[in-house]
Amino acid sequence: MTGAVSLRAASNADIDGIRALTREAYGKWVPLIGREPLPMMADYAEAVRKHRIDLVEAEGELVALIEMVPGADHLLIENIAVSPRHQGQGIGRRLLAHAEQVAASLGVKDLRLYTNKRFAENVQLYLRSGYAIDREEPLKDGFLVHMSKRIE
């Protein structure tokens, strides 16, 4: 990625862009699992109101997002989506680091996330980023992998 890159909080004006980016980013998984992944079906109008969604823009284009849900003792990473044109450039890792900063600012030490077990490259990214697998939960067509990371 070249040019100006910025990170900012999402607003109601971003809902359509969030939905489009998420559908684009998760579209590659549809053939693997035979259905749309849950983030492709989420209600982003509600998510913008209830969750913290931070957007990455490059030269005015929405290229990535992270959706986070603060809990009493943890920060849940609900969704990370990176445009296919910008994958492989370290944006996902930078968003994970951003989540650590957000958690620290909230005074929580635990980050949590979950992903489909069949999204092996995502599981590996999270493992390389210091997350551990806590448990696997049956999903109608596979398994959900729950992961966490403790920050100090």
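Modeller: Pro-37 sits in the loop between helix 2 (30–33) and helix 3. Keep in mind that this is a predicted model.

Colleague: Why is Pro-37 called buried?

Modeller: Its relative accessible area is 3%, and buried means under 20%, so Pro-37 counts as buried. Neighbours within four places in sequence aside, Pro-37 is in contact with Tyr-26, Trp-29, Val-30 and Phe-119.

Colleague: What about Ser-83, buried or exposed?

Modeller: Buried: the value is 0%, and the cut-off is under 20%, so Ser-83 qualifies. Ser-83 lies in the loop between strand 4 and helix 4. Beyond its sequence neighbours within four places, Ser-83 is in contact with Leu-21, Glu-24 and Val-63.

Colleague: What is noted about the phi of Glu-59?

Modeller: Phi there is near 50°, a positive value in a residue other than glycine. Most residues other than glycine have a negative phi.

Colleague: Where is Lys-50, and why is Lys-50 counted as exposed?

Modeller: Lys-50 is in helix 3. With 56% relative accessibility against a cut-off of over 50%, Lys-50 is exposed. From Lys-50 to Arg-118 there are 68 residues in sequence and 28 Å in space, C-alpha to C-alpha.

Colleague: On to the inside. Which residues touch the most other members of the largest nonpolar core?

Modeller: Leu-75, Ile-77, Leu-96, Leu-111 and Tyr-131, out of 26 residues in that core. At least two residues each come from strand 2 (52–58), strand 3 (61–70), strand 4, helix 4, strand 5, helix 5 and strand 7 (142–150). Helix 4 gives the largest share, six residues.

Colleague: How do you know that Leu-75 touches Ala-99?

Modeller: Contact takes heavy atoms within 4.5 Å. Leaving out residues up to four places away in sequence, the residues that Leu-75 touches include Met-68, Ala-99, Val-102, Leu-106 and Leu-111. There is also a second, separate core of 18 residues, with Ile-33, Tyr-44, Ala-47 and Leu-65 among them.

Colleague: Now the largest pocket. What volume does it have?

Modeller: About 830 Å³. It is lined by 43 residues, and Tyr-26, Asn-79, Ile-80, Asn-122 and Tyr-126 are the closest to its centre.

Colleague: Which element supplies the largest share of that lining?

Modeller: Strand 4, with six residues. Other elements supplying at least two residues include helix 1 (15–26), helix 3 (44–50) and helix 5 (120–128). By class, the lining has 22 nonpolar, eleven polar and ten charged residues.

Colleague: Last one: where is confidence lowest, and where is it highest?

Modeller: Lowest in strand 1 (residues 5–9), at a mean of 91, and highest in helix 1, at 98. The protein chain averages a pLDDT of 94, and 97% of the residues score at least 70.

Key
Residues are numbered from 1 along each chain as its sequence is written. This is a predicted model: local features need pLDDT of at least 70, side-chain atom pairs count only at pLDDT 80 or more; totals for chains, interfaces and linings use all residues. Side-chain values use heavy atoms; hydrogens and water are left out. On a 1 Å grid over the protein atoms alone, a cavity is a set of points where a 1.4 Å probe fits but cannot get out, and a pocket is an open set with protein on both sides within 12 Å along at least five of seven lines; lining residues have an atom within 4 Å of a point. Grid points are joined across faces, edges and corners, and a volume is the space filled by probe spheres set on the points. Helices (H or I, at least four residues) and strands (E, at least two) are DSSP runs, numbered from the N terminus. Ala, Val, Leu, Ile, Met, Phe, Trp, Tyr, Cys and Pro count as nonpolar, Asp, Glu, Lys and Arg as charged, and the others, Gly among them, as polar. A nonpolar core is a set of buried Ala, Val, Leu, Ile, Met, Phe, Trp, Tyr and Cys residues joined through side-chain atoms within 4.5 Å. Buried means under 20% relative accessible area, exposed over 50%, partly exposed in between (1.4 Å probe, protein chains only). pLDDT is the predictor's confidence in each residue, from 0 to 100.
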